Amino acid sequence: MIRRQRLAAGVCALLAALTAGIAFPAGAVADETEQAAPKVELVLDVSGSMRTRDIDGGTRMAAAKQAFNEVLDATPEEVQLGIRTLGANYHGNDRKEGCKDTAQLYPVGPLNRTDAKTAVATLAPTGWTPIGPALLKAADDLNSGSGTRRIVLISDGEDTCQPLDPCEVAREIAAKGIGLTIDTLGLVPDAKTRAQLSCIADATGGTYTDVRHKEELSDRVGQLVDRAADPVVTPVATEGAESCEKAPALKSGLYTDREEFGQQRWYKVAVEPGQELRASVSVADDRAVGPHYGVLLRAVTEHGREIVRGEAAGTGRTDVISTGLRYPKADGDDDTAAAETVCLQVTQSFSAASGVKTTPGLPLEMTVDVVDGPSGHHDVAAFGLGRGWWLLGALVLIGFLAGLLWGWLSRWRVAVWRTN
């Protein structure tokens with residue numbers, strides 16, 4: 001019985017802790033603003049190898065056409081969709097001319113399903129595989145306006161237009177900070193094709209998928225087009241400085257930047273008395289890097305005194321490493337107190353693998369939230385439960401005293417029973 005009483009007290013204490021956690025002020029929510037129409041461009045490889053008959057008994061081209069027709073029927077009304085081809089028009093053997101062979105089959109805009117299907121029906125496997133040039137043109141097709149922008153690349157082979165490396169092209173597109181994502185699908189790919197398409201997707205935060213059946217192709221392309229219609233927060237491109245004095249002033253929002261290997265980047269945020277600064281940073285390795293890495297995020301005063309820091313480190317293979325920090329600015333008695341400028345320093349310790357280009361820098365994404373701090377508490381980072389600590393302590397004490405009382409009563413009843 002004593003154990004049961006103590007168990008009940010422990011459960012009550014746990015529930016109190018959970019209640020305190022739920023009651024804790026939630027993070028800042030981005031303002032809901034009217035989103036621009038999402039844009040997607042499907043980039044299809046129409047090179048000669050698409051004649052190969054190895055997808056459910058039919059050609060790769062036939063599987064791609066069927067997938068496109070099904071996706072066009074299911075495309076959400078709000079999505080502006082376009083189609084670009086590579087290797088669809090040049091029939092010759094001149095490599096220089098073949099590497100220029102990319103054309104927009106259907107312009108990015110409101111979708112006319114009949115016109116788009118008619119255009120797709122005319123395609124026949126023809127020429128080279130200029131993936132790099134096609135990605136550059138597709139990025140130009142989607143460069144105007146704002147909102148979600150995705151390229152969905154479908155190919156069955158490696159780029160045949162080296163030295164224009166499509167993986168480097170993808171990194172250059174990501175470095176522009178236009179928020180464009182490239183997803184790739186490999187049709188019955190070999191190891192080299194899989195590696196190249198995976199690298200293209202990784203460079204922009206996209207996904208890579210192996211495809212060996214018609215249904216897989218239709219389902220995956222449909223998922224990627226639908227994903228473009230999901231509401232997202234578009235990152236704002238910024239450029240950190242070498243010192244806090246020259247750093248860009250940031251407000252609450254999502255930001256992207258590029259950071260060279262071993263470089264420090266500085267940003268600054270104004271925090272009013274009674275507000276709390278919450279910041280997090282993620283650094284992705286979009287190329288081969290050394291096995292040891294880390295990222296440090298520091299909040300310091302304008303005079304260089306460290307306020308708080310967040311850090312993370314690892315060894316081995318990783319795609320992204322993240323850390324964050326919180327700094328509550330105490331609410332003073334003076335209502336006219338000025339805002340404090342908090343300097344954010346981002347440092348990463350990635351090292352480039354042998355022979356890997358170090359430019360452009362590694363993609364960096366930072367979230368900044370400046371919100372009203374919890375009332376009556378000066379260090380939320382240290383006491384995450386806030387006033388819930390008092391309730392938790394009281395419940396633990398009550399449970400302990402109740403356990404002692406129940407044990408004393410049990411011993412007294414046993415003693416009376418033995419006497420009788």
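Helices and strands are taken here as DSSP runs, numbered from the N terminus. In this predicted model, R258 is found in strand β11, which spans residues 253-259. Because buried means under 20% relative accessible area, R258, at 11% relative accessibility, counts as buried.

The surroundings of R258 can be described through its contacts. Leaving aside residues up to four places away in sequence, R258 touches R171, A174, A175, A203, Q263, R265, D286, R287, P360, G361, L362 and P363.

The account now turns to the cysteines. A disulfide is a covalent bond between the sulfur atoms of two cysteines. By the distance rule applied here, the count comes to three disulfides. When the bonded cysteines of the chain are numbered in sequence order, the pairing reads 1-2, 3-4, 5-6.

The torsion about the S-S bond of C99 and C161 is about -100 degrees, so the disulfide is left-handed. C99 is buried, with a relative accessible area of 14%, and C161 is likewise buried, with a relative accessible area of 6%.

Another disulfide joins C167 to C199, with an S to S distance of 1.6 Å. C167 lies in helix α6 and C199 in helix α7 (residues 191-203), so the bond ties together parts that are 32 residues apart in sequence. The torsion about the S-S bond of C167 and C199 is about -50 degrees, and the disulfide is therefore left-handed. At 4% relative accessibility, C167 counts as buried.

A further disulfide is formed by C244 and C343, whose sulfur atoms are 1.8 Å apart. This pair also links distant parts of the chain, 99 residues apart, with C244 in the loop between β9 (236-237) and β10 (249-250) and C343 in strand β17 (residues 340-348). The S-S torsion of C244 and C343 is about -65 degrees, so this disulfide is left-handed. Both C244 and C343 are buried.

Key
Residues are numbered from 1 along each chain as its sequence is written. This is a predicted model: local features need pLDDT of at least 70, side-chain atom pairs count only at pLDDT 80 or more; totals for chains, interfaces and linings use all residues. Side-chain values use heavy atoms; hydrogens and water are left out. Helices (H or I, at least four residues) and strands (E, at least two) are DSSP runs, numbered from the N terminus. Buried means under 20% relative accessible area, exposed over 50%, partly exposed in between (1.4 Å probe, protein chains only). Contact means heavy atoms within 4.5 Å. A disulfide is a pair of cysteine sulfur atoms within 2.5 Å.
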